[in-house]
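Me: Hi! I have a structure open on my screen and would like to talk it through. Could you take my questions one by one?

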Protein chains: 2
Amino acid sequence: HPQVQGSLLGSVNPDLASERQTASFSVEKLTAWLDGGTEHTRLRRAVVEAIECDPVFSRENQYFESQNERYEAAVRKAVHLQKKMDEMGWTENGPEFKALSGDLAFLLHRIFTRSISMLGSDQQIAKWIPLATQYQLIGSYAQTELGHGTYLQGLETTAVFDITTQEFVLNTPNISAMKWWPGDMGRSATHTVVFAQLYVNGKCYGLHPFIVQIRSLQDHSLCPGITAGDIGPKMNFEHIDNGYLMLQNVRVPRENMLSKFCEVQPDGTYVRRGSQKINYFTMTTVRISLILDEVVIPLMKACTIAIRYSVVRRQSKLKPGEQEAKILDYQTQQEKLLPQLAAAYAFYFISDYLQELFDRGYREIQRKNFDMLPELHAFSSGFKAMVTQYSTSAVEICLRACGGHGYSLLSGLPSLYTKIVASCIYEGENTILFLQTARFLIKCFMAASTGQPVPPSVTYLAAVTPEKCPAKNKLDFLSPDIYTEAYQHMAARLINSTAAKLQDLVQSGVKKHDAWNQCTVQLAQAAKAHCHYITVKNFAETVEKLETQPGIQKIMKHLCDLFALHGIFSNAGVFLHDGYISGAQMDMVTASYLDLLAVIRKDAVPLVDAFDFTDKTLNSALGSYDGQVYQRLYEWAQKSPTNKQISPAYERYLKPLLHKTLSKL
Amino acid sequence: HPQVQGSLLGSVNPDLASERQTASFSVEKLTAWLDGGTEHTRLRRAVVEAIECDPVFSRENQYFESQNERYEAAVRKAVHLQKKMDEMGWTENGPEFKALSGDLAFLLHRIFTRSISMLGSDQQIAKWIPLATQYQLIGSYAQTELGHGTYLQGLETTAVFDITTQEFVLNTPNISAMKWWPGDMGRSATHTVVFAQLYVNGKCYGLHPFIVQIRSLQDHSLCPGITAGDIGPKMNFEHIDNGYLMLQNVRVPRENMLSKFCEVQPDGTYVRRGSQKINYFTMTTVRISLILDEVVIPLMKACTIAIRYSVVRRQSKLKPGEQEAKILDYQTQQEKLLPQLAAAYAFYFISDYLQELFDRGYREIQRKNFDMLPELHAFSSGFKAMVTQYSTSAVEICLRACGGHGYSLLSGLPSLYTKIVASCIYEGENTILFLQTARFLIKCFMAASTGQPVPPSVTYLAAVTPEKCPAKNKLDFLSPDIYTEAYQHMAARLINSTAAKLQDLVQSGVKKHDAWNQCTVQLAQAAKAHCHYITVKNFAETVEKLETQPGIQKIMKHLCDLFALHGIFSNAGVFLHDGYISGAQMDMVTASYLDLLAVIRKDAVPLVDAFDFTDKTLNSALGSYDGQVYQRLYEWAQKSPTNKQISPAYERYLKPLLHKTLSKL
């Protein structure tokens, strides 16, 4: 069995190789453009290589590890990375964190550090930050409680000021108030920032952050009054020790309340200074940065794996008498994967757009101009929700499109899915986020209708647009003006009609909060439509700016068209509803959409190659550059611990039964 | 901390208890009706109790177990169940398999046994079946290969008849021909049925089944020429040893080819007798039975967990100044969960409908009348695809609707999801199945258009229906006639228009197979629409028959309306496309749909209570009958192995760093 036994790894599968010979553009140029220049590509590759050459960072056995083993590996890597950063001169926000994404401990430690930097006084910063940055203490960030998540005002943990000892006394008043979920807290942290309701002289001053030591630096045992541990297995994030924490009369000195903006003075006087708004800006920033790191990059990986596999896998025949066909040559497989590929590009560009918007906003904030905050908050909320929801569904489609092999952990797809699905929940549950965006849009719509100024991104709400889409044939739907206007019209209509329903309800005597609740399904839909519109518009504008690189521009234009038409095809109802697009025009959309699939099919592999993931980064038996799918599945399966021992089940349960048979056969 | 420390388990959470006091119907009566009578309920409960009282079947530590541990537990339970069946007089197809669903080994052993019973000669049955039924050998069923799944003709394994020794010589000609995925094969099986291309005198006779011994009965070592092992970790099914198998000149006697329908005689003459069609009927049966066991029941469990949790969880305020609201009181949460609940009922009824259809078909087949086979095949394919796809998405919605706690394995939801998603892939990949149904529908449509007879379920394809929906206000959309006709119109239109596109393409000179491929996205959509229509129609008919039980009929009518209107609301485009439903009517649909959510909300908990799952069956910290969600999460988390040892990571990586800090604080 030479074909079975000899390893083919390294020699590129000919079916995959042939896909690379017909690219309509230069993959290297596209990679450089996506990176923001060849110099950035060079630097990124250097960091990735340095990390992948270092055996401490190996992910080779990841799919076989238990929760305990993954935790240990994550701690090892985090500590080693710190050393490596010192050696290599890497910075805190450099690409090395991304190259290791998902495998590091101490992400919450970073939030601990950030919260002290932002909310702590100069003395607090001077005391804690140097220790934290060298892991001479391990911090966590204890906000969420067992019974309370997004609604922060509902948090129950208390901190009562004791004037006699100049201490705060922290308590968990009942079980639902237990801190639950904070990362790094279950097994690692020695300290944590605890959010608690502050009481001074019997009066509640609301939520404040306190630094609390929870484990001994000497022997890591729990401090007096502390109950803490790991919350157990999750769908993913096994490498993170998400934890629980109960506090019983835990005393911390007055100096441990983070006091840049609020302070309790020795005599019990409560002093507040400055604005709290900046707190929201931290969460806003986190939401924006997670879009790229935790959502778009995983989606790009899933597309790479599924598309490469789909040109190696052959199944059934397209034409009688021919060889079995590559599954990517079936229209249904194209329709599964290529829109997800287009979405990966669309979201990569919208992430850039949001980052720019935020940089601009941050510059204004530094000048003490807080005008952009509502818009930034609305954008970060809506786009976090839209992109995570869309991408989660996209990764699931990629997984299922790989059939049985996609379901094996060795494909890399299950872990991408189980990780990305969490992004729909953390940092704000998506429905709540959509409703926050909707509240902003309704306000802007009301303001715009009465002629008041609104931010540029929402002026379209009051714009006068034609009542019918002017497209006359299927080619017209390849015009960005045509489809962008259709999206604009649809988003404006949904916001407009929901605002009208809201007003009608209130005018008919329904109380304002009930009316709001009765409109929330439609409000969430309207907010999503707004984000979809902006994403299409931004994609079209990105393509337009590519005029100096015609080869790349052409293929990006196809992807932009596909993203836009896929959205119309899949959400036909909202475009047909008021007749803006007619049934006959929807048939044109469908025809153009299906035509595009066949066009982009030809460049599918080069388009994922351009994402430039290394095999080690993908960690997938199906998605490697050489396409040796079957060989790799076979070699990796043999490393599974299930193949390294005879199960005790044989001796205990099977042997006695099987031995009865010996005499009979 | 009395509230924190004392266990509340057993005393029902008051928020959940209050939901049960206002049920509009008798839960016990609904359960009995679903079971098919009180006597069936009594029997089912007795079996479940017998199993749950037996510690061997405990699932207490399931969420903490490794792949090896889950495999061992599954073998232990399978062997013990056999003993228990003998003791209790339970039968092979009784409810006890369902009560243990998901945790048993040797499911493929059952397929091994079934295939010998159906395809083996009387002598083969007499030899193998008695051994198999007592686990005196462990069988598997080796069909799928590393490179070949649904397209059976492409399988590459060979079996060459050697006339001199009267043996078949089996070989795996290259790596993609390795058998891959068969359950029970990686570690347990001693024998397997191998599907291979039969060669006699150099001529290929196509796929045939051979019994092959792969492991020694003496010491379980691999037999000569056999390479086999476990394929490693998967998204779920860790308890099953899905395996790989390579054959190198493995010889089996002539008698080991299953020979009820085909035989190679000693002189090499190949004889075929009877019909092969019955083979497809086995797969058809499996698809029908998996709908209930592997899809609808898991969906019911997910609904139970998510709905109970949603009345215990409180988050944010609906009205200023009030207590935080139960999350199920938010319209958006209702809109997530209640349509899934309605779907669980809809699919429970369609599963009944399919079972009846198949019983009827089987009776005909026994009378040698094979006329119903195409319809049965089309129905089993389409409904398997539709129900698995819909339910997978529904379980995911339930998981995400529980926020962070849904993401914990302890909620029970991640394992329901990772299991149900496999049902979209196994026993026929869904897209391929939809296309098989579509092929049947197109044929029937063509036949019906030319006046030829078609099966009763598809006569609607040629029926003349009104061009516009006659509904005048939102209440009209609560009429089953109105919405059933809308579905019928929509399904017929999609099939009709796709058939027209297909004809146009062929008439314009596109080759038939290319034309088919260019229509597959729309063909799959049409097949799905057909199944959706039949499901709605069957739900409405089920409700109609309930006239003797008005209390249950009323709530089932609400659920039927909700299922139907949710489908129109979510697929608005296909109803609006040709103007059958106008934009104004779609607003009525939306209004009625949203009104129904508030109505069904009141009975949501009784409606899941009626599914009658025990706490042990649900195995969920969020979904137990008593609603002590937080207490249970806390108690279960403490059992996690992550809390039972100090991680070596502390000694190795953290201690050296932390000790540096001691002097500084």
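This is a predicted model: local features need pLDDT of at least 70, side-chain atom pairs count only at pLDDT 80 or more; totals for chains, interfaces and linings use all residues.

Me: Let's start inside chain A: are Tyr141(A) and Phe195(A) buried or exposed?
Reply: A residue counts as buried when its relative accessible area is under 20%. Tyr141(A) falls in that class, and Phe195(A) does too. For both residues the word is buried.

Me: What kind of aromatic pair do the rings of Tyr141(A) and Phe195(A) make?
Reply: A search over all chains turns up 51 aromatic pairs. For Tyr141(A) and Phe195(A), the ring centres are 5.3 Å apart and the planes meet at 65 degrees. Planes over 60 degrees apart count as edge-to-face, so this pair is edge-to-face.

Me: How many residues apart are Tyr141(A) and Phe195(A) in the chain?
Reply: Tyr141(A) belongs to strand 1 (residues 139-142) of chain A, while Phe195(A) belongs to strand 5 (residues 191-200) of chain A. The pair links distant parts of the chain, and the separation is 54 residues.

Me: Tyr634(A) and Tyr244(B) also form an aromatic pair; what does that pair join?
Reply: The rings of Tyr634(A) and Tyr244(B) are 5.3 Å apart, centre to centre, with 85 degrees between the planes. Tyr634(A) sits in helix 23 (residues 629-638) of chain A, and Tyr244(B) sits in strand 8 (residues 243-247) of chain B. The pair therefore joins two chains.

Me: How are the two copies related?
Reply: Chain B can be laid on chain A by a turn of 180 degrees and a shift of 0.0 Å along the axis, with an RMSD of 0.0 Å. The copies are thus related as by a two-fold rotation axis.

Me: Which residue of chain B comes closest to the rotation axis?
Reply: The copies meet through the same surface, because 100% of the interface residues of chain B are also interface residues in chain A. As for the axis, the closest C-alpha in chain B is at 1.8 Å, and it belongs to Gly573(B).

Me: In chain A, which residue stands opposite Trp180(A) in strand 8?
Reply: Chain A has an open sheet of 3 strands in the order 4-8-7, with antiparallel pairing. The edge strands, each pairing on one side only, are strand 4 (179-180) and strand 7 (226-230). Strand 4 of chain A is joined to strand 8 of chain A by 2 bridges. Opposite Trp180(A) you will find Tyr244(A).

Me: Over in chain B, which residue of strand 9 is the bridge partner of Glu167(B)?
Reply: Strand 3 (residues 167-171) of chain B has 4 of its 5 residues buried, so it is largely enclosed by the rest of the structure. Strand 3 pairs antiparallel with strand 2 (residues 158-162) of chain B over 5 bridges, and there Asp162(B) stands opposite Glu167(B). Strand 3 also pairs antiparallel with strand 9 (residues 250-253) of chain B over 4 bridges. In strand 9 the bridge partner of Glu167(B) is Pro253(B).

Me: Last one: what is the mean pLDDT of chain A?
Reply: For the model, ipTM is 0.96 and pTM is 0.97. In chain A, 96% of the residues reach a pLDDT of 70 or more, and the mean is 93.

Notes: Residues are numbered from 1 along each chain as its sequence is written. Chains are lettered from A and ligands numbered from 1 in the order in which they are written. Side-chain values use heavy atoms; hydrogens and water are left out. Copies are superposed by least squares on the C-alpha atoms of residues with pLDDT of at least 70 in both. Contact means heavy atoms within 4.5 Å. pLDDT is the predictor's confidence in each residue, from 0 to 100. Rings of Phe, Tyr and Trp (its six-membered ring) pair if their centres lie within 6.5 Å; planes under 30 degrees apart count as stacked, over 60 as edge-to-face and the rest as tilted. Buried means under 20% relative accessible area, exposed over 50%, partly exposed in between (1.4 Å probe, protein chains only). Two strands pair if DSSP finds at least two bridges between them.
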